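Here's a quick tour for anyone meeting this structure for the first time. Have a look at the fold, then read on.

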Amino acid sequence: MNKIVTTRQLKFSYGKKEVLKNVNLTINSGEIIGLTGENGAGKTTLLNALLGLLPSNGQVEILGGKPGGKKARQKIGSMLQGDMVLDNVTVIEMLNEAASQYDEPLDVEELLQKVDLKKHENKLLKNLSGGLMRRVTFAVALVGNPDLLFLDEPTVGMDAQARKVFWQRIEDLRDAGKTVMITSHYLEEIQQTADRLLILQNGVLTFQGTLQELQNKYKKTVIRFKTKLALKKFQKMAAVISSAQTDAEWICLNSEDGDETLKALVPFLGEISNISVQRESLENIFLKMTNEEELA
Ligand SMILES: Nc1ncnc2c1ncn2[C@@H]1O[C@H](COP(=O)(O)OP(=O)(O)OP(=O)(O)O)[C@@H](O)[C@H]1O
């Protein structure tokens with residue numbers, strides 16, 4: 001796989017406060033990366049460092065060069081928190097101005113259609129709602145037809161329809177072989193879309209890998225079914241770590257190893273129904289990781 005971003009021992013501090021602590025990461029060409037972590041973990045700082053907007057220490061190689069270089073600026077699109085845009089211009093004027101900064105921009109008319117902004121094109125930016133402004137900033141990030149995009153909390157403030165359009169455009173970017181890094185606290189959205197996850201905890205990159213790899217680390221599987229059999233028949237089953245009867249007929253098994261527990265359930269299959277198997281959600285894993293960090 002072609003590495004498009006690599007950092008080695010990336011560090012950054014605000015005064016005495018270390019915000020990024022020896023971050024070593026790689027992003028491969030064509031990947032959709034979800035970057036998540038608690039408030040204040042350092043996500044925005046990491047994006048800013050990758051964009052060359054902060055004087056970080058350590059090595060950063062991006063698109064074969066240094067952050068902030070001319071090539072990087074032409075080939076990278078970004079949508080940052082509190083992005084500054086001119087106030088007294090219309091949506092279409094803003095996009096035309098942004099397009100003029102790039103060698104090979106997208107067609108602004110087509111872009112307006114694609115991000116569902118056509119009907120707002122003549123509105124002044126200063127009159128836009130927060131969610132609409134985020135959509136304009138997303139369009140600005142796309143207008144240079146970048147190979148690599150950094151999107152910081154892109155869907156905050158967007159309504160359901162705007163979110164749907166946003167994620168469709170991310171899928172288009174995936175299909176076009178573009179590379180995208182998205183920070184978000186909406187773990188369900190990230191879980192559905194990201195090829196790989198990066199988790200930052202207090203400035204330390206504690207995980208980079210697929211959701212499945214993360215789930216394998218935090219093994220728990222929840223197996224739920226209906227039965228008239230007694231709970232105690234299942235309590236000592238292989239890999240069951242705890243069990244609870246949610247109501248008279250339902251049994252819910254928390255298993256360390258779902259495959260093992262399912263095998264152990266085979267003799268009972270004639271007497272159980274409505275079986276569902278769920279792996280630990282990203283949200284639950286994330287909460288556990290956060291708790292572990294607090295306890296450490
Ligand atoms: N300009 C600044 N001056 C001093 N400290 C800052 C500054 N910007 C951020 N910080 C601190 O750096 C740390 C990391 O902030 P950062 O914004 O990167 O976190 P984040 O993971 O993006 O958080 P959130 O999820 O809330 O957006 C925080 O402790 C924050 O208070």
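Predicted model: local features only at pLDDT ≥ 70, side-chain atom pairs only at ≥ 80, totals over all residues.

Residues are numbered from 1 along each chain as its sequence is written.

- Val91, Met94, Leu95 and Ala98 are the buried residues of H3 (buried means 20 or more other C-beta atoms within 10 Å of a residue's own, exposed 12 or fewer, partly exposed in between, with C-beta atoms placed from the backbone).
- They sit on the same side of H3, because they cover an arc of only 95 degrees around the axis, going by the directions from the helix axis to the C-beta atoms.
- Over in helix H4 you'll find Glu109 (helices are DSSP runs of H or I, at least four residues, numbered from the N terminus).
- Glu109 counts as exposed because it has 12 other C-beta atoms within 10 Å.
- Glu109 and Ile92 are 17 residues apart in sequence, with 8.5 Å from C-alpha to C-alpha.

**Around the ligand**
- The residues surrounding the ligand include Tyr14, Val19, Lys43 and Thr44 (C-beta atom, placed from the backbone, within 6 Å).
- Helix H1 (residues 43–50) supplies the largest share of this shell, three residues.

**Domains**
- The chain is assigned domain 1 (3–210) and domain 2 (219–279), with bounds from an automatic or database domain assignment.
- Their centres, taken over C-alpha atoms, are 43 Å apart.

Technical notes
Helix = DSSP H or I, 4+ residues; strand = E, 2+ residues; numbered from the N terminus.
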